[in-house]
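These are my notebook entries on one chain, kept in the order in which I looked things up.

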Amino acid sequence: MSLLLSGICFAGQLPAEEPFRTDENGDEKLAWYQVEPHKFPPAGSAHYFTGELIEMDHVHRAGMLRVSRTDKQRRHNWDTPINFRMLPYGSLTYHGAPAALRDIPIGTHLHGWFYVKDKDEEIPKVYFNRQSIEKDFSQAYRLVDDFSYYDEQKRLFQVESVDLMTMKLTLRGVETETDKRDDATIEIDLTPATRVYLGKQFGALEDIQPGQKVLFNLTWATLYGVGRCTDLWLDDESRELARQQQLAQHRLHLKYRGIPGWIDEVDNQKRIVTVTLFGGVDPHLLEDFRPNTSVTGVVAEPTLQTYDQVNDRKSGPLLSIQEIELAPGSSGRQVRFQPQLLLEGYRPGRIIRLFPGGWPVITIPQDETLWPERG
């Protein structure tokens, strides 16, 4: 179980060296970092835990996780859920590629990095007034599935044995760059519904063989052992295909909705708007921002919802795009553009979605917009 519940810092993140509590320093005398408006958090300041996605509101980028069991919990805390909402710069990864919440199926086991709730936010009690030990962590910075979590760690799992009578799969973790193997093995449950991928096709449970190096996604994690396997990728080709399919979905999603960021500065006299683009975006999409081309800005809210992007938009020349200091939640890219008119929402600290020249600005389904909520 510890294999699935041990937190790490992602590559490029160093533990925060600030006077607040972190997973790294474990100082219970300190308060956890409190996110601030229009400010990216320090690297290493988020709190890690895992859980299963049991409810979602993809329009508002919010949902509910049933927190995984750990040795830190008492039985009273087992299986209690938390509500979460994605921070404006919060990101998701599914099958090794950027994702939207709508891409992730209910029941998926997720690894998450969270920040504490706003100071005036109330936390509901459930199940006879029970609460999770992670109840205060309602602001999600990153959520990733098992596939993505181990893919980013450059880890695979070698099949040690498979027993289709007991439906047990025994695996040993392997570091792909060094071929170092874990001392201990883990055992996950197979089911008749486990989806097996082999090359460009669906496989069968009978295709699972000792010696294969696999990745998996789980559900019911920690309820009965490590968890039940929903998806199993048996080779590099099947994993790469899953990654490319999700990447294509991500690109399509953003090209119709724009890349989000927040406004850093507005020069009212010259009508110049400076925007830092959020991270969690395929870097190839950022290449479409080129100086001396046009860019369209659409006002958005912290949920990243827009009002009516076809009519509530202003376009103008992209004056510059530059690299800035990389921070958690930031793409490290800042753009300056000059719309024909400054809309009310073009204010420092506000959220905006940008469409590079050549991207279509079309009507998206009304249920995704803020218009239905205005009545």
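**Entry 1**

I looked up Arg61 and found it in the loop between β1 (47–57) and β2 (62–67), where strands (E, at least two residues) and helices (H or I, at least four residues) are DSSP runs numbered from the N terminus. I note that this is a predicted model, in which local features need pLDDT of at least 70 and side-chain atom pairs count only at pLDDT 80 or more, while totals for chains, interfaces and linings use all residues. Residues are numbered from 1 along each chain as its sequence is written, and side-chain values use heavy atoms, with hydrogens and water left out.

The phi of Arg61 is near 55°, a positive value in a residue other than glycine. Arg61 counts as buried because its relative accessible area is 13%; buried means under 20%, exposed over 50%, and partly exposed in between, with a 1.4 Å probe and protein chains only.

Leaving out residues up to four places away in sequence, Arg85 touches Arg61, Ala62, Asp118, Glu121, Ser138, Gln139 and Ala140, contact meaning heavy atoms within 4.5 Å. The side chain of Arg85 also makes a polar contact with the side chain of Gln139 at 3.5 Å; for this term I use a pair of N or O atoms within 3.5 Å, where within protein one must be able to donate a hydrogen and the other to accept it, and where residues adjacent in sequence count only if both atoms are side-chain atoms.

Which residue forms a salt bridge with Arg85? Asp118 does, with the closest N and O atoms 3.0 Å apart, a salt bridge being a side-chain nitrogen of Lys or Arg within 4 Å of a carboxyl oxygen of Asp or Glu. Arg85 lies in strand β3 and Asp118 in the loop between β5 (109–115) and β6 (139–145), so the pair ties together parts that are 33 residues apart in sequence. Arg85 is partly exposed at 28% relative accessible area, and Asp118 is partly exposed at 30%.

**Entry 1: Gln73**

I looked next at Gln73, in the loop between β2 and β3, and it is buried, with a relative accessible area of 10%. A polar atom of the Gln73 side chain lies 2.7 Å from the backbone oxygen of Ser68. Apart from neighbours within four places in sequence, Gln73 is in contact with Val67, Ser68, Trp78 and Ile133.

**Entry 2: β10 and its partners**

Strand β10 (residues 195–198) runs parallel to strand β13 (residues 228–233), and three bridges join them; two strands pair if DSSP finds at least two bridges between them. β10 also pairs with strand β11 (residues 201–202), in the antiparallel sense and over two bridges. I checked Tyr197, whose bridge partner is Trp233 in β13 and Phe202 in β11. The hairpin of β10 and β11 has two residues between the strands, and Gly199 takes a positive phi near 65° there.

Arg195 is partly exposed at 41% relative accessible area, whereas Asp231 counts as buried at 5%.

Glu237 and Lys200 meet in another salt bridge, at 2.6 Å, N to O. Here the pair joins Glu237 in helix α3 (residues 236–257) to Lys200 in the loop between β10 and β11, 37 residues apart. Glu237 is partly exposed at 39%, and Lys200 is exposed at 68%.

Is Asp189 buried or exposed? At 13% relative accessibility, Asp189 counts as buried, and its side chain makes a polar contact with that of Lys168 at 2.5 Å. Beyond neighbours within four places in sequence, the contacts of Asp189 include Tyr224, Gly227 and Arg228.

Searching the whole structure, I find 21 salt bridges, and I note that Arg102, Arg257 and Glu368 are linked in a network of them.
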